[in-house]
Amino acid sequence: MSIPDEHKLIEARDFKYCPWCGSRLESRRLDGVMRSACPSCEYIWYKNPIPATGAIIVDDNRVLLVKRKYPPKVGDWCIPAGFMEYDESPVECCKREVKEETGLDIKIERLFWNYKAGDDPRSIVVLILYLASVIDGDLLPGDDALETKYFDLERLPSNIAFSAHRRAIKDLKKYLEDGELPRENEP
Ligand SMILES: [Zn+2]
């Protein structure tokens, strides 16, 4: 399998210098993994994915999507979601992102599933999605959205932004048909 261009972009943005002392980092095999480590201090860069959370909001067989205003994938549609702030819980992040992007206040109904996203040029992402229902607010795109609206699941836009979102929508269709939550990620 070839490496998508996005991965090369992520690699190009790797740290070159120690964020603690400024020495040039070296490659070192640690725990069987090549890592960047500082020859001058104790710093080892454990490169981890970034967690993001979002909400699947369904109304009468339609799913709520947001049109992206900022890169990457400007103009593409995605499930309302975003990166976790450092001190947030996943649920807090989800409610904040949905409010920011759609204007809606939501109630979390249950965990839907989690996805590894490898095609976001900013980082490998772990996307945690909840099923949620609207409790308040008016549907209006927020500062980081061009548009937000419900789409019939049989008439979705062709430009869904990320592979994790496309997989989640596929899983959602199955869930709405047979009530089965996703069990295992596709390879
Ligand atoms: Zn250092």
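Which domains does the domain assignment give for the protein chain? It gives domain 1, residues 5-45, and domain 2, residues 50-178, with bounds that come from an automatic or database domain assignment. The C-alpha centres of domain 1 and domain 2 lie 32 Å apart.

Please keep in mind that this is a predicted model, in which local features need pLDDT of at least 70, side-chain atom pairs count only at pLDDT 80 or more, and totals for chains, interfaces and linings use all residues. Residues are numbered from 1 along each chain as its sequence is written.

Let me turn to helix α3, residues 163-178, where helices are DSSP runs of H or I with at least four residues, strands are runs of E with at least two, and both are numbered from the N terminus. The buried residues of α3 are A164, H165, A168, D171 and L172, and seen down the helix axis they fall within an arc of 120°, taken from the directions from the axis to the C-beta atoms, so they line one face of the helix. Buried here means 20 or more other C-beta atoms within 10 Å of a residue's own, exposed means 12 or fewer, and partly exposed lies in between, with C-beta atoms placed from the backbone. The face turned away from that buried side carries the exposed residues K174, E177 and D178, and just after α3, G179 takes a positive phi of about 75°.

What do the buried residues of α3 pack against? They pack against β4 (50-59), β5 (62-68), β6 (77-78), β8 (104-117) and β9 (125-137).

Definitions and conventions. Expected span 1.5 Å × (residues − 1). Contact = placed C-beta atoms within 7 Å.
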